[in-house]
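Me: Hi! I have a structure open on my screen and would like to chat through it with you.

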Amino acid sequence: MISVLCIGDVIGTVGMKYLHKRLPTLKSLKKIDAVIVNGENSADTNGITPDSANYLLNCGVDLITTGNHSFQRKESYPLYENRNLPVIRPANYPSKAPGTGSAVIDIGRAQIRVLNMMGTVEMNPVLDCPFATSDALLEGIEEKIVIMDFHAEATGEKRALACYLDGRISAMFGTHTHVQTADEQILPGGTGFITDVGMTGPVNSVIGVSIDAAIEKMKTKMPVRLSYADGECMLNAVLFTIDEKSGRTTAVERINIAN
């Protein structure tokens, strides 16, 4: 069996430091074979930078996925083209966008194909259809273990794509809302699923953002400089146990660690 830990959106320096503090023990305790982290908010004003990507990898992360903030910072563009850095962006971005939406984690006894996809419902409607893009990607994949980070807003879109791909991928974890859902499960075809894995960052916040700033923006409807909160943190994740021969998930465990 292969154990793959998928960690929710890491929020700025505060989230990265908490990940650095908690991940080594978690990997040892759960005997984890591979770690996937969504890092699109790892830079302190959102987005991802070379420094934040390297910090995540030095924490023990094997591969970084992203989402709608993939290209928020121009200094991030080379990250996606550097073959020595396992950082991917949603596959349904236009083909001319830097990087790719698919990569492999090689753990020796198995190879894990990781796909990154982004939703179009209540997000960016000009992206390619995630259903059609998934079909195209899966046509050429030989790995038995395939895991997708579906970065999407709508719970219905996440559920629909998971059901559409049930039995064709090993597991799907949703990201983007920063709120962990309590619906971890194995679908009838053997695909592990959770609607949203949550976030790794400050507990006393509005999905990672300073409470006062979030309230001001919502009350006034005016532009407000949003900054990440600080203080006590949590780590949200999901652990998929996968049969390397069949590629099917055999167990799903939702993880929520706080100070």
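This is a predicted model: local features need pLDDT of at least 70, side-chain atom pairs count only at pLDDT 80 or more; totals for chains, interfaces and linings use all residues.

Me: Thanks. How many aromatic pairs are there?

Reply: The count comes to four aromatic pairs. One of them is Phe 71 with Tyr 93, an edge-to-face pair with 5.2 Å centre to centre and 75° between the planes.

Me: Where do Phe 71 and Tyr 93 lie in the chain?

Reply: Phe 71 is in the loop between strand S4 (63-65) and helix H3 (77-81), while Tyr 93 is in the loop between H3 and strand S5 (102-106). The two are 22 residues apart in sequence, so the pair ties together separate parts of the chain.

Me: Phe 71 first: buried or exposed?

Reply: Phe 71 counts as buried, because its relative accessibility is 17% and the cut-off for buried is under 20%.

Me: And Tyr 93, buried or exposed?

Reply: Tyr 93 also counts as buried, with 12% relative accessibility.

Me: What about Phe 131 and Tyr 164, why is that pair called edge-to-face?

Reply: Their planes are at 70°, and an angle over 60 degrees counts as edge-to-face, so the pair gets that label. The ring centres of Phe 131 and Tyr 164 are 5.3 Å apart.

Me: Which residue lies over the face of Tyr 164?

Reply: That is Arg 168, at 4.9 Å from the ring centre.

Me: New topic: how much space lies in the largest pocket?

Reply: About 490 Å³.

Me: Which residues lie nearest its centre?

Reply: His 69, His 178, Ile 207, Val 209 and Leu 226 do, out of 19 residues that line the largest pocket. The lining divides into eight nonpolar, eight polar and three charged residues.

Me: Let's pick His 178. Where is it?

Reply: His 178 is in the loop between strand S8 (171-175) and strand S9 (185-186). This histidine is buried, with a relative accessible area of 9%.

Me: What does His 178 contact beyond its neighbours in sequence?

Reply: Setting aside neighbours within four places, His 178 is in contact with Asp 9, Ile 11, Asn 41, Asp 196, Gly 198, Met 199 and Ile 207. His 178 and Ile 7 are 11 Å apart in space, C-alpha to C-alpha, although 171 residues apart in sequence.

Me: What about the backbone phi of His 178?

Reply: His 178 has a positive phi of about 70°, although this residue is not a glycine. Asn 46 also has a positive phi, of about 80°, and is not a glycine.

Me: Where is Asn 46?

Reply: Asn 46 is in the loop between strand S3 (34-38) and H2, and is buried at 17% relative accessible area.

Me: And what does the other histidine, His 69, touch?

Reply: His 69 touches Glu 40, Asn 41, Asn 46 and Gly 47, not counting residues up to four places away in sequence. Its place is in the loop between S4 and H3, and His 69 is buried, with a relative accessible area of 19%.

Me: One more: where is Thr 200, and is that residue buried or exposed?

Reply: Thr 200 is in strand S11 (residues 199-202) and counts as buried at 0% relative accessibility. Leaving aside neighbours within four places in sequence, its contacts include Ile 7, Asp 9, Tyr 18 and Met 234.

How values were computed:
Residues are numbered from 1 along each chain as its sequence is written. Side-chain values use heavy atoms; hydrogens and water are left out. Rings of Phe, Tyr and Trp (its six-membered ring) pair if their centres lie within 6.5 Å; planes under 30 degrees apart count as stacked, over 60 as edge-to-face and the rest as tilted. Helices (H or I, at least four residues) and strands (E, at least two) are DSSP runs, numbered from the N terminus. Buried means under 20% relative accessible area, exposed over 50%, partly exposed in between (1.4 Å probe, protein chains only). A charge sits over a ring if NZ of Lys or CZ of Arg is within 6 Å of the ring centre and within 35 degrees of the ring normal. On a 1 Å grid over the protein atoms alone, a cavity is a set of points where a 1.4 Å probe fits but cannot get out, and a pocket is an open set with protein on both sides within 12 Å along at least five of seven lines; lining residues have an atom within 4 Å of a point. Grid points are joined across faces, edges and corners, and a volume is the space filled by probe spheres set on the points. Ala, Val, Leu, Ile, Met, Phe, Trp, Tyr, Cys and Pro count as nonpolar, Asp, Glu, Lys and Arg as charged, and the others, Gly among them, as polar. Contact means heavy atoms within 4.5 Å.
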